[in-house]
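I opened a new page for this chain. My plan is to go from the whole to the parts.

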Amino acid sequence: MTATTPSENPLLDLSGLPRFDAIAPSDVQPAISQLLDDSRALIVRLTSPGAATTWNDFAAALTDGLEPLSRAWGIVGHLHAVNDVPEWREAYNHMLPEVSRFYAEFGQNLKLFAAYQAIAESAEYARLSPAQQRIIDNEIRDFRLAGAQLQDDQKPRFQAISEELSQLSAKFSENLLDATNAFSELVSDEAELAGLPEDTRQAAREAAEKDGQSGWKFTLHMPSYLPVMQYADSRRLRAQMYRAYATRASEFGPAELDNTPLIGHILRLRREEAQMLGYANFAEVSLVAKMAVSVPQVLDFLRDMAVKARPFAEQDIAELRAFARRELQLENMEAWDVGYVSEKLLQKRYAFSEQEVKQYFTEEKVLSGLFKVIETLFGVCLKPDSAPLWHQDVRFFRIETPAGELLGQFYLDLYARATKRGGAWMDEAITRRRRSPGSLASDAIQKPVAYLNCNFSRPIGSKNGLARPALFTHDEVITLFHETGHGLHHLLTRVDELAVAGIHGVEWDAVELPSQFMENYCWEWSVVQEMSSHVDTGQPLPRALFDKMLAARNFHSGMQTLRQIEFSLFDLLLHSDFDPAEEGSVLDLLGKVRREVAVLVPPAWHRFPNSFAHIFAGGYGAGYYSYKWAEVLSADCYGAFEEAGDPFDQNTGQRFLNTILAVGGSRPAIENFRAFRGRDPQVDALLRHSGMVTV
């Protein structure tokens, strides 16, 4: 193979920000192949006879040497997620087995394992910083979980499992995106649009025109799907859209997009992998690196929360059914009616609609308000910045100290696209670390860079010749604050060791703490006032309307809590108490879970597991409970600001920065929490914030 250079291959240029304006799918194979070769050569050198096993000569050198591969492959993975066109999909999938094989081999390399163990057992270990000691401990744990201590005749099989799981997860995600894109509903009768907001109608009209058709085109992407389920008076349209969404990537569609066989295969491989490591099931493996210590502990936590939420959920569903019968003449409320009935009840009870609220949350005003929250809380400044971008809609910003010192940068990709994976997520582009002494970079500290991705509605239409701004629902504003919380965890770290800087090394069931913490500010009047401006009048959201929103904040929180617990229990039992080799299907288990905790059961043909990308393609396998677990932590942390009497209390904000955000994964999450709160977590604040307390 002919080696390439950064000047010839932009994917190899890691001297600064990714060169998204120059990187092409054809760059992937030569760049990643070269970096794999370089990484393997480095490992051979560092593990050769006589090589030193010290922090600087081995651990730090290995981190420095492997970072180029990690960063370059991260760029490829990011482009696969945000620009999933055939060329990028092919480039990503072509190299995925090779990259997976490298990391599987790395995790089973006994020489590397022995070198980390040698450092742990040496006199040097006591002289290392706490962050460095945690890295050594984490590495030894991860080598064990990667099969380093397996018998030699078992390692090829374990490696093959790791490679296949990576490919199956990618295929699961691609099937889901393709199935989502495959469906559309063209409405020709304008009467069927009754109840739909004007901006939703206009977007549907523009979508149809783009296809050269008349009428209105609706899709399963959230900006199109959700308004139909929430506002469309046409029960036929709601039912049609609901069924299409609920059966994505299942046997009800094209066979090549059916995720059912992938689910079974993933579960079998995960179970086999866990048993090879000496664990009873995959859930036990998953919990090794989390705050929670055992499957029974998590099950008890979830079931206890379910007991607390159930009375409120039962009241919620009873109210919905009664309202549907009394006000909407729906004697039997079906699954595709729930969102519609809920919105009508909310409007009736609180005299406002989410569509009314949406007119006040324009993109620029929301971003301005979000940035002010961050600046006030943490004493930093956010400013627009420039960088090569992967799409014209993407924006770029920098975060710095008041004195102008750069702390980090982030990309913001807000709008939904057909080639972009669904949902919202934060990912890392570059992680903070102290560069090696021989580095040519001018700054000794490498500054972190993050990707923040959402799937919101883009600007639609114009008024008086001017393009109208994008409008966000309040739920979308909350989502933006949530993902920004993840970004702050990555960007505001002060840890100089890459492996525990920012979100690195943070237990999976604690990583949602900063994101859920930030959501609270979407409910503070001073914040909402600052970040709202009516799209037509420019007036901030009226206090009377905000008070209605506040009163409705916990509308059906009991049902929503049980729904999260349903997903979490299903995930945990699927990976612990379910044997895919025995009789009984994944759907049977889901039905059992629903009989235990759900108050609202979908139709039998609903294929929820086939689109549960969090656990089959997103790293949350046997870890979906993390959302609810971390919600306890985040609510308790926000309680400290409530006790201080000011959501922007400077001392409390700096303490949160210093004890949670800045330290990242350099110490256990429970120690971070105790350092901030002065005690162990308590569930009281979450129950209070969710309105699940008996007055």
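**Basis.** I am reading a predicted model, in which local features need pLDDT of at least 70, side-chain atom pairs count only at pLDDT 80 or more, and totals for chains, interfaces and linings use all residues. Residues are numbered from 1 along each chain as its sequence is written, and side-chain values use heavy atoms, with hydrogens and water left out.

**Overall form.** I looked up the secondary structure and found 27 helices and 11 strands; helices (H or I, at least four residues) and strands (E, at least two) are DSSP runs, numbered from the N terminus. The C-alpha atoms fill a box of roughly 80 × 65 × 55 Å along the principal axes.

Of the contacts (heavy atoms within 4.5 Å) between residues at least 6 apart in sequence, 73% join residues at least 24 apart.

**Cores.** A nonpolar core is a set of buried Ala, Val, Leu, Ile, Met, Phe, Trp, Tyr and Cys residues joined through side-chain atoms within 4.5 Å. I found that the largest one has 140 residues, and that Phe378, Phe481, Tyr521, Leu541 and Phe656 have the most contacts inside it. Helix α13 (residues 295-328) gives the largest share of this core, 14 residues. Another core, of 62 residues, lies apart from it and includes Ile43 and Val394. Beyond its neighbours within four places in sequence, Tyr521 is in contact with residues including Val373, Phe481 and Phe648.

**Ala309.** I then checked Ala309, which lies in helix α13. Ala309 counts as buried because its relative accessibility is 0%. Leaving aside neighbours within four places in sequence, Ala309 touches Gly558, Thr561, Leu562 and Met692. Gly691 is 382 residues from Ala309 in sequence, yet their C-alpha atoms are 9.8 Å apart.

**Helix α9.** Why is helix α9 (residues 222-231) largely enclosed by the rest of the structure? Seven of its 10 residues are buried, so the helix is largely enclosed. Among the buried ones I list Ser224, Pro227 and Tyr231. Their cover includes α8 (198-210), β2 (216-219), α10 (235-246), α14 (338-350) and α15 (354-358).

Methods
Buried means under 20% relative accessible area, exposed over 50%, partly exposed in between (1.4 Å probe, protein chains only).
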